[in-house]
Amino acid sequence: MATIDECRAALEKLSDNMQGAEGDVRAAAAMDRSVSCHVTDLDVTFAGRLTGGRIEIDETLQGPPPQKAQIRLAMTGDDLVAMVDGELNFAKAWGSSRIKLEASLLDLFRLRKLL
C-alpha cells in the first residue's frame with residue numbers, strides 16, 4: 001500500500017509532467033480550478049488548485065474532502081502511483097470505476113487531453 005508521502009510525490013510528479021507538456025495537453029492544463037484527490041485506502045484528501053499548468057497542493061486532510069472542489073479525483077494510493085508512473089491506464093481505470101473523476105462537462109472535455 002502506498003504511503004501518504006508516496007501519494008504526495010506522485011501528485012508532484014503529475015504536476016511536473018503537466019507543466020512540461022506541449023500543445024493540446026499544455027492548453028488543457030492551463031485551467032484555474034480547485035482540485036481534490038481523495039486517497040480512499042488511506043482516507044486522506046489532498047486539496048489545492050490546478051493553476052498555471054501545475055497542481056498546487058495547499059492542504060492534506062484526514063477523510064473525504066470537506067468542500068466540493070471543481071475537479072474531484074478518488075482512488076487508492078497504489079492506483080495513484082501506478083497511474084502517474086504510466087503503469088495504469090487512466091481511461092481504463094476510470095471506465096472500470098477504479099478511479100473516480102467528477103467535474104463539469106466542459107472540464108471533463110479539457111481533462112481528457114491530460115489523462
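In the predicted model, strands β2 and β3 run antiparallel and are joined by eight bridges. Within this pair, Ala47 has Glu59 of β3 as its bridge partner. Two residues separate the strands in the hairpin of β2 and β3, and Gly52 in this hairpin adopts a positive phi near 60 degrees. The pair belongs to an open sheet of five strands with mixed pairing, in the order β3-β2-β1-β4-β5. The edge positions are taken by β3 (54-62) and β5 (100-102); each has a single partner strand, so one side of each lacks a neighbour in the sheet. From one strand to the next, the twist averages 20 degrees. Leu73 is placed opposite Leu101 of β5.

Helix α1 lies across β1, β2 and β3, and runs at about 160 degrees to β3. Helix α3 lies across β1 and β4, and its angle to β4 is about 110 degrees. The relation between two packed helices is described by the angle between their axes and the distance between the axes. For α1 and α3, the axes come within 9 Å and cross at roughly 30 degrees. Because angles under 35 degrees count as roughly parallel, α1 is roughly parallel to α3. The crossing of the two helices is left-handed. On the α1 side the contact is made by Glu6, Cys7, Ala10, Leu11, Lys13, Leu14 and Asn17, and on the α3 side by Gly77, Leu80, Val81 and Val84.

Helix α3 is mostly covered, with six of its eight residues buried. The buried residues in α3 are Gly77, Asp79, Leu80, Ala82, Met83 and Val84. These buried residues of α3 pack against α1, β1, β4 and α4. Just after α3, Gly86 has a positive phi of about 85 degrees.

The largest nonpolar core contains 29 residues, of which Cys7, Ile71, Leu73, Met75, Leu80, Met83 and Ile99 touch the most other members. At least two residues of this core are supplied by each of α1 (4-19), β1 (33-39), β2 (44-51), β4 (71-75), α3 (77-84) and α4 (90-95). Helix α1 gives the largest share, five residues. In soluble globular proteins, nonpolar side chains tend to be buried together. For Met75, with neighbours within four places in sequence left aside, the contacts are Cys37, His38, Val39, Thr40, Leu80, Met83, Arg98 and Ile99.

His38, one of the contacts of Met75, is located in strand β1. The relative accessible area of His38 is 14%, so this residue is buried. When residues up to four places away in sequence are not counted, His38 touches Asp43, Val44, Thr45, Gly63, Pro64, Pro65, Leu73, Ala74 and Met75. Gly63 belongs to the loop between β3 and β4. This glycine, Gly63, has a relative accessible area of 6% and is therefore buried. Beyond its neighbours within four places in sequence, Gly63 is in contact with His38, Asp43, Val44 and Thr45. Gly63 and Thr3 are 60 residues apart along the chain, and their C-alpha atoms are separated by 15 Å.

Asp43, which is in contact with Gly63, lies in the loop between β1 and β2. Although not a glycine, Asp43 has a positive phi of about 50 degrees. The relative accessible area of Asp43 is 33%, so the residue is partly exposed. A positive phi in a residue other than glycine also occurs at Ser97, where the value is near 70 degrees. Ser97 is in the loop between α4 and β5. With a relative accessible area of 47%, Ser97 is partly exposed.

Definitions and conventions:
Residues are numbered from 1 along each chain as its sequence is written. This is a predicted model: local features need pLDDT of at least 70, side-chain atom pairs count only at pLDDT 80 or more; totals for chains, interfaces and linings use all residues. Side-chain values use heavy atoms; hydrogens and water are left out. A nonpolar core is a set of buried Ala, Val, Leu, Ile, Met, Phe, Trp, Tyr and Cys residues joined through side-chain atoms within 4.5 Å. Buried means under 20% relative accessible area, exposed over 50%, partly exposed in between (1.4 Å probe, protein chains only). Helices (H or I, at least four residues) and strands (E, at least two) are DSSP runs, numbered from the N terminus. Contact means heavy atoms within 4.5 Å. Two strands pair if DSSP finds at least two bridges between them. Axes are lines fitted to C-alpha atoms, for helices over the stretch in contact, and angles run from 0 to 180 degrees between N-to-C directions. Angles under 35 degrees count as roughly parallel, over 145 as roughly antiparallel, 65 to 115 as roughly perpendicular and the rest as oblique. A crossing is left-handed if the near helix is turned anticlockwise from the far one by less than a right angle, and right-handed if clockwise.
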